[in-house]
Amino acid sequence: QLELPHVNVLSKVDLIEQYGQLSFGLDFYTNVLDLSFLVDRLHDDPFFSRHKKLNEAICGVIEDYSLVSFITLDVQDKRSMADVLKAIDKANGYVFGAGERQSDDVLSLMSSAFGADFEYFKTSGVKEKLLAEEKTK
């Protein structure tokens with residue numbers, strides 16, 4: 001079996017304003033915290049209703065261990081592109097970027113490999129852009 005890392009990218013975020021106000025905050029879509037609405041919709045479908053317990057269990061595991069999340073991509077924003085590139089490099093195990101020097105120090109190696117990514121900063125650029133557009137309306 002071949003295991004491959006993957007990165008979930010929520011692309012075309014720069015086009016969100018064309019569709020109006022989001023039903024939920026952007027964090028709802030990027031962090032996938034509450035899947036109960038999905039389980040409820042699956043029960044309405046006759047095919048999926050047979051697998052009710054399985055669907056609930058899978059959704060529970062995804063929520064409990066935060067197995068699914070998305071990185072936003074705005075192709076018009078260089079910072080957004082750099083964040084996606086950084087996430088892809090991290091998933092592939094690429095530790096050093098172009099501006100980073102290699103060091104024998106274990107602490108510097110680990111900090112460059114696992115760098116502190118705070119949840120707010122993952123979507124902050126898109127949130128700020130959406131808020132600024134709402135204020136101008």
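Predicted model: local features only at pLDDT ≥ 70, side-chain atom pairs only at ≥ 80, totals over all residues.
Biologist: Let's start with the big picture: what pattern does the protein chain follow, read along the sequence?
Modeller: The secondary structure comes to seven helices and two strands. Laid out along the sequence, the pattern is β-α-α-α-α-β-α-α-α.

Biologist: And how much of the protein chain do buried residues make up?
Modeller: A residue counts as buried when its relative accessible area is under 20%. The protein chain has 137 residues, and the buried share of them is 20%.

Biologist: Which residues make up the largest nonpolar core?
Modeller: In soluble globular proteins, nonpolar side chains tend to be buried together. In this model the largest such core has five residues in all. One of them, Val-39, is in contact with Asn-55, Glu-56 and Cys-59, leaving aside its neighbours within four places in sequence.

Biologist: Now helix α5, please. How far apart are its end C-alpha atoms?
Modeller: α5 runs over residues 78-92, which is 15 residues. At 1.5 Å a residue it should span 21 Å, and the model agrees, with the end C-alpha atoms apart by 21 Å.

Biologist: Which strands do the buried residues of α5 pack against?
Modeller: The buried residues of α5 are Ser-80, Val-84 and Ala-87. They cover an arc of only 60° around the axis, so they sit on the same side of α5. On the other side, Lys-78 and Asn-92 are exposed. The strands that the buried residues pack against are β1 (9-10) and β2 (71-72).

Biologist: What happens at the start of α5, and which residue follows the helix?
Modeller: At the start, a side-chain oxygen of Asp-77 comes to within 3.3 Å of the backbone nitrogen of Arg-79. After α5 comes a residue whose phi is positive, near 90°, and that residue is Gly-93.

Biologist: Where is Val-75, and which residues is it in contact with, leaving aside its neighbours within four places in sequence?
Modeller: Val-75 has its place in the loop between β2 and α5. Its relative accessibility is 54%, and exposed means over 50%, so Val-75 counts as exposed. Val-75 and Lys-12 are 63 residues apart in sequence, yet 7.3 Å apart in space, C-alpha to C-alpha. Once those sequence neighbours are set aside, the contacts of Val-75 are Asp-14 and Met-81.

Biologist: What kind of aromatic pair do Phe-47 and Phe-48 form?
Modeller: A search of the whole structure finds one aromatic pair. The ring centres of Phe-47 and Phe-48 are 5.1 Å apart, and their planes are at 80°. Planes over 60 degrees apart count as edge-to-face. So the pair of Phe-47 and Phe-48 is edge-to-face.

Biologist: What is the relative accessibility of each of those two residues?
Modeller: Phe-47 is partly exposed, with a relative accessible area of 47%. Phe-48 counts as partly exposed too, and its value is 32%.

Conventions. Residues numbered from 1 in each chain as written. Heavy atoms only, no water. Expected span 1.5 Å × (residues − 1). Buried < 20%, exposed > 50% of the residue type's maximum accessible area, 1.4 Å probe, protein only. Arc of directions from axis to C-beta. Contact = heavy atoms within 4.5 Å. Polar contact = N/O pair within 3.5 Å; in protein donor to acceptor, adjacent residues only side chain to side chain. Phe/Tyr/Trp six-rings, centres within 6.5 Å; stacked < 30°, edge-to-face > 60°. Core = buried A, V, L, I, M, F, W, Y, C linked by side-chain atoms within 4.5 Å.
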